[in-house]
Amino acid sequence: MKTRKILNLLMLSLFTTFFLTTTSCKKQMDFDWTDGLTGSQLEELLLKDPDAVRALINGAYVTLGNSFHLAGGNFHDAGHIMSLQLAGDLMTEDMVQVDFDWFYFDYEIDNNRVNYRRPAHTWRMMYAVINDIHQAMDLLPSLNSPVMREVMGQALALRAFCYHILIQRYQQTYMGNQEAPGVPIILSVWDLEWYGTDGVENLTRNTVERVYEIILRDLELALEYLPERKETNRSRVDRAVAQGFLARVYMCMHNWTGAEQMAREARQSFEIMSASDAGGGYGYNSENNSEWMWGIKTTAENSMVYVSFQSHICSDGDGYAGLGSYKAMDMKLYSEIPESDIRKRLHFVDIPNGRFYNEKFRSVPQWLMDNVYMRSSEMLLIEAEAQAQQGRTAQAFTTMRELMDKRDHEWSA
């Protein structure tokens, strides 16, 4: 019965991934499915088609990119991972939304009250991704092949990513709050071997420290399974991205040596974008950007049109930002950027007429702006900050120079 369940779930995953490719579907349907299929036969079947094995984790990536059903409707501030990230940016002091009468994107504090949809949706979204991850884990009969270990590595890294988002949004930061109540930990049957438990570990709020223990273990195991980047597909988590996750986690834990090492290793295969790309055009919203480590290419099939990140960030487009719901850098921060820095030109400023908005993100025809989740410049900044936190200011300056040479030719510490 367990084999039949696995086969049914596998076929569903394969069907949703390959239904537009007739030959591929026929290939999958030609097999004689029986209840007598053994685990070893299933493993042999999966090994015949590595792409089919990789398809098992597709559900998690899809849920990250589109989770409107979890909010009970197409709410723009409670949808995909980019809406969650944008809302987080708007809660900082560095980014603002220009006052707009009829559309506030998480601009007012009541959007984050306990009974509002955003905290509920973020919770549901992350645990929905974790559920997709566990389904993928449970479909793997073993880890006896490189492709199966790769899929398990992606699953573990993505789960750590989800728990890190959860613990940061539902409790204070790690330092000084290790014993504070965190979030529930839900694991898979595979975790029995690794953690000595499976299924639901504790539906009550585990401590912050316990949640971070799970995050670290997941990422350490992921690094064992994930190969080095061998292709240009940036929509999947690979070893470099997992190292980037770990660098972010170490920063929260004030593990400066770990953050420095992971950030440096993560960005080794990625160049800092050129001055021309950084100074305008489409450098910040195209997967062809040399800095992009992880992101999603937008197509006609997955474009979200008015609900998309493009709609809410591009001041020159047909979306909400273009209609006047502008997003901009905080004016105090903007005023501190020297004129020699090419990033100064990424804002349109007309204060007398009440116009101040970003031109960093340019709208792409047919709503085809790609979305980035991780960039190598982020890793460089983590590396430099970690060095500075260890008192190695000169080395931090040298690291920063690699970035600033392509941003401000007159820059000095």
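In the protein chain, 68% of the contacts with a separation of 6 or more are between residues 24 or more positions apart. The model is a predicted one, and its protein chain comprises 17 helices and eight strands. Of the 413 residues, 54% count as buried. Helix H6 (residues 81-90) illustrates this burial: seven of its ten residues are buried, so the helix is largely enclosed by the rest of the structure. The buried positions of H6 are Ile81, Met82, Ser83, Leu84, Leu86, Ala87 and Leu90.

Disulfides are absent, the structure holding zero of them.

Charged side chains were examined next. A total of 17 salt bridges was counted. In one of them, the side chains of Glu383 and Arg264 meet at 3.4 Å, N to O. This pair links distant parts of the chain, since Glu383 belongs to helix H16 (residues 376-389) and Arg264 to helix H12 (residues 256-266), 119 residues apart. Glu383 is buried, with a relative accessible area of 4%, whereas Arg264 counts as partly exposed at 30%. A salt bridge of 2.8 Å, N to O, is formed by the side chains of Asp341 and Arg343. Here Asp341 counts as buried, at 5% relative accessibility, and Arg343 as partly exposed, at 27%. Salt bridges with shared partners also join Glu260, Arg264, Arg267, Glu383, Arg392 and Glu402 into one network.

A further salt bridge involves Glu291 and Arg375, whose side chains meet at 2.9 Å, N to O. The two residues are 84 positions apart and link distant parts of the chain: Glu291 lies in the loop between helix H13 (275-278) and E4, and Arg375 in strand E8. Both partners lie under the 20% limit that defines a buried residue: the relative accessible area of Glu291 is 0%, and that of Arg375 is 19%. The side chains of Arg375 and Glu291 are also joined by a polar contact of 2.9 Å. Beyond residues up to four places away in sequence, Arg375 touches Met273, Tyr284, Glu291, Trp292, Met293, Lys360 and Arg407.

Asp370 presents another arrangement. This residue is located in the loop between strand E7 (355-358) and strand E8 (371-375). Asp370 is buried yet has no salt bridge, the nearest side chain of opposite charge being that of Lys297, 4.4 Å away. The side chain of Asp370 instead reaches the backbone nitrogen of Glu287, at 2.9 Å. When neighbours within four places in sequence are left aside, the contacts of Asp370 are with Asn285, Ser286, Glu287, Trp292, Ile296, Lys297 and Thr298.

Aromatic side chains form 16 pairs in the structure. Trp123 counts as partly exposed, at 32% relative accessibility, while Tyr127 is buried, with a relative accessible area of 13%. A second tilted pair, Tyr306 and Trp367, shows 5.0 Å centre to centre and 55 degrees between the planes. Tyr306 lies in the loop between strand E4 (292-296) and helix H14 (309-313), and Trp367 in the loop between E7 and E8, so the pair ties together parts that are 61 residues apart in sequence. Tyr306 counts as partly exposed, at 40% relative accessibility, and Trp367 as buried, at 16%. Trp123 and Tyr127 also belong, with Tyr163 and Tyr170, to one aromatic cluster.

Finally, Thr204 was considered. The residue lies in the loop between strand E3 (200-202) and helix H10 (208-225). Apart from its neighbours within four places in sequence, Thr204 is in contact with Val183 and Pro184. The C-alpha atoms of Thr204 and Val183 are 7.3 Å apart in space, with the two residues 21 apart in sequence.

Terms used. Residues numbered from 1 in each chain as written. Predicted model: local features only at pLDDT ≥ 70, side-chain atom pairs only at ≥ 80, totals over all residues. Heavy atoms only, no water. Helix = DSSP H or I, 4+ residues; strand = E, 2+ residues; numbered from the N terminus. Contact = heavy atoms within 4.5 Å. Disulfide = S-S within 2.5 Å. Buried < 20%, exposed > 50% of the residue type's maximum accessible area, 1.4 Å probe, protein only. Lys, Arg positive; Asp, Glu negative; His and termini not counted. Salt bridge = Lys/Arg side-chain N within 4 Å of Asp/Glu carboxyl O. Polar contact = N/O pair within 3.5 Å; in protein donor to acceptor, adjacent residues only side chain to side chain. Phe/Tyr/Trp six-rings, centres within 6.5 Å; stacked < 30°, edge-to-face > 60°.
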